[in-house]
Amino acid sequence: MGTGHFFWVIFYFASLCSASLANNAKINFREKEKKVLDQILGAGKYDARIRPSGINGTENLPTYVYVNMFLRSISKIDDYKMEYSVQLTFREQWTDERLKFDDIQGRLKYLTLTEANRVWMPDLFFSNEKEGHFHNIIMPNVYIRIFPNGSVLYSIRISLTLACPMNLKLYPLDRQICSLRMASYGWTTNDLVFLWKEGDPVQVVKNLHLPRFTLEKFLTDYCNSKTNTGEYSCLKVDLLFKREFSYYLIQIYIPCCMLVIVSWVSFWLDQGAVPARVSLGVTTLLTMATQTSGINASLPPVSYTKAIDVWTGVCLTFVFGALLEFALVNYASRSDMHKENMKKKRRDLEQASIDAASDLLDTDSNATFAMKPLVRHPGDPLALEKLRQCEVHMQAPKRPNCCKTWLSKFPTRQCSRSKRIDVISRITFPLVFALFNLVYWSTYLFREEEDETF
C-alpha cells in the first residue's frame, strides 16, 4: 500500500514538471515568433509603401496578386434600383521577398497579423460598388498570414451593394447577368497584375437561397481597362440569375386571366340589364387598370416595352372591348326597336287600308260619282307605296353572307342584331384570347436572350 502511494506521488510531480516544461516551451516559441516579426517588420527594416519585386526578385516585372472569394450570401436583387447586395469573404495572395523568415525547422508554419497597414497591400477596389462596409463584430473580420517563403495571404469579410444594369424586355421571363468587378486603382499593369487563383477561384455557399431568383451559374473573366493614364488590371465575376416565374404566375397572370373571363359574363346577361352590364364592365376595367399600375410601380421607367406590358395591355384591351361590346349591343337594340316600330306602323296602315276597302264595298252601289278627297286616306294605295319605298331606302342593301346564314341557325328570341352580336362575342372573344395566349407564351418562353454571353 505504501509503495503504491509513493508511486502516485512520483507520477503527480512528474506531470507537474512536464506541464511546466511544455508551458516554458510554448512561451519560448511565442518569444521566437515575436522575434521573427520584429526581425522582418521592425523599424527601418520594412517599408510598407514600397511595392514588392516581381517573380524571383525581378524589379522590371509586375507584382502578381492571385484573387479568390467565397460568396456567403446574396440578400436582395432590386429591379427598380438595378442593384444587388452580396456578402463575401475576399482573399488576395502575393509574394513579398522581404518577408521571408526561418520557419524553425517547420515548427513555424506562418505568422498572423490583424493590422493591414503593417505590410504592403494591393490597391484593389470594386468598380461597380454603390455601398460597402467591413464587419467589426466582435473583432475586425480580417487577418494577414505571412508564410516562410514570403507569401502573404490577406482575407477579409465585406458586404457590398453593387450596380447591376438590367434588360427588362422579357420581364418576368428574363435572366439577368450581374457582375462583380475588381480593378487596380493606381498601379498599372506594368507594376501590378491581378489573376484568378487556379482551381476554384469563386465558391458559393451551398444553401444559397433567393426569394425571387435562382443563381444558375457564374463565370470568371478578365476586364482590363485602358485610360489616358495607362492600362489597369481588372477581374470580374458574372453571375447569371434566373427569375422565379411561379410568383408572377400566381400574382399577375392568373388574376389577369380571371378578370378577362369575368368581363365576358356580360355577354350572357340580358340586353335590358343595363345597370348590371355597365357596372360589371366598369368594375373589371378599373380593377385591371389598378393591377397594371401596381405592376409598373415596382419597376423602373424604361423606354422599351416589357413582356409584362404586352400581357397587361392586351388584357386591358379585352376588358375594354367587352365594355364597348355592350355599347354596340345597346345601340343595335335601339335600332331593332325602331325597326319593330316601323313594322308595326306598316301593319297598322295595311289594316286600315283593308278596313277602308271593306267600307267602300258596303256603300250604296247607285252612287253616280265619288268625290276625290283633298287629303289622301291612310288606306290609299299610293300612300302605302311611298311608305314601302321609304322603308326600303332606310334599309341597307344586304348581300348573301355565309356567316349570317350560319348565325341565323342560332335560336334567338327576336332574331335581332343585338342578340347576334352577343352570340358572336361569346365565341370570338375566347377564341382570340386563346390565340393571343398561344402566341405570347410560344414567343417569350422559347425566346433566347439576345445579350446572353454564357
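R243 is buried, with a relative accessible area of 3%. Keep in mind that we are looking at a predicted model. So what does the side chain of R243 meet in a salt bridge? The partner is D174. The two side chains come to 2.6 Å, N to O. This pair links distant parts of the chain. D174 sits in the loop between strand 7 and strand 8, and R243 sits in strand 14. They are 69 residues apart. Is D174 buried or exposed? D174 is buried, because its relative accessible area is 2%, and the cut-off for buried is under 20%.

Next, helix 3. This helix covers residues 274-297. We can check its length. With 24 residues, at 1.5 Å a residue, helix 3 should span 34 Å. The end C-alpha atoms are 35 Å apart, so the model agrees with that expectation. Which residues of helix 3 are buried? They are R277, L280, G281, T284, M288, T292 and I295.

Stay with R277. Its relative accessible area is 1%, so R277 counts as buried. The side chain of R277 meets the side chain of E325 in a salt bridge, at 3.3 Å, N to O. E325 lies in helix 4, residues 307-361, and R277 in helix 3, so this pair ties together parts that are 48 residues apart in sequence. E325 is buried too, at 6% relative accessibility.

Now back to R243 and D174. Salt bridges that share partners put both of them in one network. Which residues does that network join? It joins D79, D174, R212 and R243.

How many salt bridges does a search of the whole structure find? It finds 13. One more example is the pair E97 and K100. Their side chains meet at 2.8 Å, N to O. What about exposure here? E97 has a relative accessible area of 31%, so it is partly exposed. K100 is at 44%, so it counts as partly exposed as well. Partly exposed is the band between buried, under 20%, and exposed, over 50%.

On to two serines. Start with S159, in strand 7, residues 151-163. S159 is buried, because its relative accessible area is 12%. Where does its side chain make a polar contact? With the side chain of H135, at 2.7 Å. F134 and S159 are 25 residues apart along the chain. Their C-alpha atoms are separated by 6.6 Å.

Where is it? S233 is in the loop between strand 13, residues 230-232, and strand 14. Strand 14 itself runs over residues 234-243, and R243 is in it. S233 is buried, because its relative accessibility is 1%. A polar atom of the S233 side chain lies 2.9 Å from the backbone nitrogen of F194. What else does S233 touch? Not counting residues up to four places away in sequence, S233 touches M182, A183, S184, T189, L192, V193, F194 and N224.

To recap. R243 pairs with D174. R277 pairs with E325. S159 reaches H135 through a side-chain polar contact. The S233 side chain has a polar atom 2.9 Å from the backbone nitrogen of F194.

Key. Residues numbered from 1 in each chain as written. Predicted model: local features only at pLDDT ≥ 70, side-chain atom pairs only at ≥ 80, totals over all residues. Heavy atoms only, no water. Helix = DSSP H or I, 4+ residues; strand = E, 2+ residues; numbered from the N terminus. Expected span 1.5 Å × (residues − 1). Buried < 20%, exposed > 50% of the residue type's maximum accessible area, 1.4 Å probe, protein only. Polar contact = N/O pair within 3.5 Å; in protein donor to acceptor, adjacent residues only side chain to side chain. Salt bridge = Lys/Arg side-chain N within 4 Å of Asp/Glu carboxyl O. Contact = heavy atoms within 4.5 Å.
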